[in-house]
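Thanks for coming. Please look at the structure first.

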Amino acid sequence: MDTLSEAAQLLLLAAQDLNLPTLRSILKSQSPNVQDPTTLQTPLHLAILACKGQSTNRPTNGASNGTTSPTSNGTSSIPNITDELSLPPLLKAEKILPLLLQNGAIWNSLDTNNETPGCIANRLKLTSLYDIMVDAGVRAELLFGSLGDYMTLGGDDSEEEEEDDVEEVMDTDEVVDTTDIQKDDKGVLEDGEEVPELVPTERTALEKAGEEDIPVTSEEYLSSNLEIDDDKILDQDKNGVMMSWETSIMSQTVSLLLPPPSTNPKILNIGFGMGIIDSLFQSHQPSSHHIIEAHPQIIQKLASHPISTTPGVVIHAGRWQDVLPKLVDEGTITFDAIYFDTFAEDYSQLKLFFTEYVISLLEPNGHFGFFNGLGADRQIAYDVYKKVVEIDLLEAGLETEWHEVAVDSKKMEGEGEWKGVRRKYWDLEKYWLPVCKFIG
Ligand SMILES: C[S@@+](CC[C@H](N)C(=O)[O-])C[C@H]1O[C@@H](n2cnc3c(N)ncnc32)[C@H](O)[C@@H]1O
């Protein structure tokens with residue numbers, strides 16, 4: 001077991017004691033990414049844990065919550081250490097977390113309970129601390145996105161090119177997490193320290209590689225054997241591709257993508273799966289209904305489904321990445337509703353889809369939606385990606401309206417819905433349903 005340096009031990013202790021002045025002075029020479037060798041907790045974990053039982057409400061008695069002493073002309077001066085030490089724990093932590101993050105603390109490191117600092121804040125209902133951790137995650141993920149590094153599959157960029165990119169981003173954003181950006185494609189820090197991955201895939205698909213679970217690639221999935229039942233589709237590693245409990249999400253999606261009056265709409269759907277959403281789209285009697293599906297077994301199933309012979313239905317057998325460039329080039333159709341729900345693809349593919357294709361194929365007053373399963377096996381990853389995708393959509397000229405859909409996760413526990421499924425790709429009580437349209 002690693003023995004920690006004296007400075008590292010002091011840092012952990014100061015975080016646990018919420019000792020802001022000490023932390024500030026140690027951080028001048030000590031990385032904040034030290035972990036307790038037994039619990040793997042970082043200073044972020046410890047500072048949040050130290051607030052257990054604290055109310056998130058701010059004091060209403062007018063007590064100072066500042067760490068600076070006002071000067072006679074009303075401007076603030078250097079922090080007053082006595083004031084800082086006497087602050088309520090939660091207010092101290094609200095200052096400590098940004099301090100650690102600005103010094104390069106990793107927002108998503110896992111302790112031995114498989115919890116990130118944000119997971120602890122969420123569990124302890126420390127809303128203000130949770131929000132700080134979500135925002136830190138959003139900054140880090142947006143930065144990775146600008147480096148094309150959302151996913152372990154890695155880009156073609158050389159390390160030098162990545163570093164150049166980093167410097168450019170750094171020039172425009174002073175509060176980015178500087179430790180995260182030293183991460184290489186494999187999630188290893190320059191000093192050899194491993195960082196955890198909360199890889200946001202639309203639907204989590206994992207396979208065993210030795211002792212470890214690693215994400216299934218799209219290529220592997222598309223050449224794998226599927227188990228197709230009435231209530232679910234599993235891949236050959238028993239990952240849930242699609243499950244019938246999602247029917248109510250699909251149904252609400254269709255109603256929101258096609259608000260009345262929508263007569264004979266033109267529809268594009270990516271990913272047939274169990275055909276749930278396509279059947280629901282059919283009830284709106286579309287004048288044109290394009291379906292793109294890439295898995296050979298699902299294509300076969302689709303070919304024998306009544307929908308395949310319905311007038312107006314056009315089936316494209318292939319990957320959307322191959323089909324859509326041709327459809328856009330032909331320039332003969334645009335759609336009132338576009339839906340995207342694939343499997344074993346990471347966030348970079350969803351982003352590619354809306355930045356390249358939705359803007360070319362959506363009618364000016366049309367609606368775009370997607371299965372919002374990014375990071376859905378962990379609340380903080382889900383909340384981070386909800387913000388990241390909204391920002392990226394806005395950059396692509398699309399505004400998003402979110403609709404809350406209750407998901408009865410508890411009811412699905414145990415021998416219920418997930419029986420025989422390798423891993424729950426959904427573990428939350430609330431689904432955020434996105435409806436996007438062009439800004440303006
Ligand atoms: C989760 S299912 C879709 C479920 C569907 N929304 C429903 O209501 O039943 C995902 C589907 O996307 C398909 N798919 C995965 N990658 C694809 C790609 N690159 N292009 C087209 N289809 C893809 C999968 O084979 C699968 O049928």
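Helix α14 covers residues 347-361, 15 residues, and reaches 20 Å from its first C-alpha to its last, close to the 21 Å expected at 1.5 Å a residue. That expected span is 1.5 Å times one less than the number of residues. Helices here are DSSP runs of H or I with at least four residues, strands are runs of E with at least two, and both are numbered from the N terminus.

Before going on, this is a predicted model: local features need pLDDT of at least 70, side-chain atom pairs count only at pLDDT 80 or more, and totals for chains, interfaces and linings use all residues. Residues are numbered from 1 along each chain as its sequence is written.

Back to α14. It has a kink of about 35 degrees, centred on Phe 354; the bend at a residue is the angle between axes fitted to the seven residues ending there and the seven starting there. Phe 354 is also one of the buried residues of the helix, with Tyr 347, Leu 350, Phe 353, Tyr 357, Val 358 and Leu 361. Buried means 20 or more other C-beta atoms within 10 Å of the residue's own, exposed means 12 or fewer, and partly exposed is in between, with C-beta atoms placed from the backbone.

What do the buried residues of α14 pack against? Their partners are the helices α13 (320-330) and α15 (379-395), and the strands β8 (266-270), β11 (335-340), β12 (362-370) and β13 (398-406). Contact means C-beta atoms, placed from the backbone, within 7 Å.

The ligand is surrounded by 25 residues, the closest being Gly 271, Gly 273, Ile 276, Ala 294 and His 295. A residue counts as near if its C-beta atom, placed from the backbone, lies within 6 Å.

Next, the domains. An automatic or database assignment gives domain 1 (6-55 + 79-182) and domain 2 (220-438). Their contact takes 13 residues from domain 1 and 12 residues from domain 2. On the domain 1 side, α6 (117-123) and α7 (127-146) each supply at least two residues, and α7 gives the largest share, 7 residues.

Last, Leu 12, in helix α1 (residues 6-16). Why does Leu 12 count as buried? Because Leu 12 has 21 C-beta neighbours inside 10 Å. Leaving out residues up to four places away in sequence, Leu 12 touches Val 34, Asp 36, Pro 43 and Leu 46.

Key. Two residues are in contact if their C-beta atoms, placed from the backbone, lie within 7 Å.
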